[in-house]
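Hello,

Here is the structure we talked about handing over. Please have a look, then read the notes below it.

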Amino acid sequence: MTDNLDLTRPGGVVSARPLYFFWLADCSGSMLRDGRIQALNNAAAEALPHMRRVAKDNPNVEVIVRVLRFSTGAAWVGEGATPLARFVWPALQAGGVTDLGSAIRLLSEDLQSPPMPKRALSPVVVLLSDGRPTDDYDTALHDLLQLPWGQHAVRLAVAIGRDADRDVLRQFISDPNVAPLEANSPEALARQMRWVSTVALDAASSPRVGMVTESEHVRSIPGRMLSESYPSDGPEIWFDDEPAT
Amino acid sequence: MTARRFGLTTSPPPDDAHRWAAFGASVRGAAHVREDLPNQDAEACRGDDSGRWAAVAVADGHGHSLAVRADRGAALAVDVALAAAQSCWDVLGGRPDRFVAATVSQQLPDVMADNWMASVEHDLRERPFSRAELERSGNAEALTAQPEAAYGTTLLVALAVGGSIVACQVGDGDLVAVTADGGVVRPLPPDNRLVGTKTTSLASRTAHADFRSSHLEVGHERIEVIVLATDGYVNSFSAEDGFAAAGRDLWKLIRQVGPSQVEGALANWLETTSSDGTGDDATLAILFDEAGFASDNRAAAVTMTVSDATVSDGEEAGS
């Protein structure tokens, strides 16, 4: 009787849980100064192997990367949502103003289900900027934080140079326990991008469940957990202090 | 792993159209093995040989660092749930027709939330936090202020009494019911707050309000199988309706090969599903109506009591 039994595993195809990693890169004209845009491209390329190493240690998580550039307007760059194993950092060019609001609005479209799979882990969003917004970022950010995925995303920011608007970056992070990372030199930028590519990715990959209605100390990834391991910016100050666009 | 079954060996009472039985299993996830964490899920089944009632519960202790006793919290949750289900049955005097599912579905969440909290408080009195636990939490101050967070867990429960079924859930995980024609029913409304790794919790002060519950009154058509699972299993499927498809596949398998074969294979399925999927602990429990499998009663509809519950056609739900 039991010889012909079909005991195929129920439920169809099974796969690792997706984790979306979004880079929001400021490509305004001021990023041309001191070779910042080139430093950003180099730092991102250098961070990739470290990111892949962390991803390898978390085989039940599939990291998917997207890059969004913003200057005058905003646009996704590259071939769309790409598994980390196949991801290549696109060579970003700088020029124009700092339409952060446009970038956040575009990001918000992706932080909804669909296209975001319901079973995805909380996404990581890293904002890299050297200036201050030139459009209405405030409304866009407010709308982003109304979205469940926007609210629960791990939001981090890297301030490139002295003129990056820290208040805006803090507002973007919206977590008093997490400060913007400082990158005042190409080396520091590389260090910070490596840090967000590894420590933040590893934290987001861990199954640390939090309660939705409780206080700050039970957030899904405690800010303390991130901020305690912040890399030091170091003494180098290569990016100058002239006003950014 | 735990797995047990009951109510399968006796003849049905002569006037009973339903004969409920249950089994389940729970496995430690690959990620928990890598991180040297215990299985923080729990499952339990209860009923009696009459088959007139049965209940199943699964729970998923939180992975948050504050939840230093998550496995204990999950175990307490399924114990409390089944004790509450047992008491629902006990007051009926063996008469399923006295069961008022609508009332039970309203009251059960409060009873379970209160009793779980009482169990946690008792456990804390018996076993105060050790220094190692406070250190492991990473935030001794927060844990001392809110000690129940150490036991944080989700809970899903299904109770079948005669032709009535009650389902309750706080937190993530999923529950589907499969009808005699293979249609998949989701009796519980979705909770849009459950995003990423965020979940509502029995440990929350709003747990009473965070419960979702509903009841099904089985009409001419039968609910034959109810499947409950923690998110380690549910989130392993690539397709959005993967768990619903799994529910229907399990219904089919029980029909084709019998519950014993399915029970025997369950732990292995959970292990491979989790290791190829989320890597999280995976737990699944099945409540099924044995009498239904012997019946040709295939008509009519299930009366739903939750306005936004969804019913999908059997053909669409298949894997």
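Start with B:C168: this cysteine is buried, with a relative accessible area of 0%. Buried means under 20% relative accessible area, exposed over 50%, and partly exposed in between, using a 1.4 Å probe and protein chains only.

This is a predicted model, in which local features need pLDDT of at least 70, side-chain atom pairs count only at pLDDT 80 or more, and totals for chains, interfaces and linings use all residues. Residues are numbered from 1 along each chain as its sequence is written, chains are lettered from A and ligands numbered from 1 in the order in which they are written, and side-chain values use heavy atoms, without hydrogens and water.

Cysteines next. The whole structure holds zero disulfides over all chains. A disulfide here is a pair of cysteine sulfur atoms within 2.5 Å. B:C88 has its closest cysteine sulfur in B:C168, 9.0 Å away, so the two are too far apart for a bond. B:C88 is also buried, at 15% relative accessibility.

Now strand 11 of chain B, residues 282-289. Eight of its eight residues are buried. B:A282, B:L284, B:I286 and B:F288 point one way; B:T283, B:A285, B:L287 and B:D289 point the other. Strands (E, at least two residues) are DSSP runs, numbered from the N terminus.

Strand 11 of chain B has two antiparallel partners listed here. Strands pair if DSSP finds at least two bridges between them.

- Strand 1 of chain B (residues 20-27) pairs over eight bridges. B:A25 is the bridge partner of B:L284.
- Strand 10 of chain B (residues 223-229) pairs over five bridges. B:I226 stands opposite B:L287.

Best wishes

Methods:
Helices (H or I, at least four residues) and strands (E, at least two) are DSSP runs, numbered from the N terminus.
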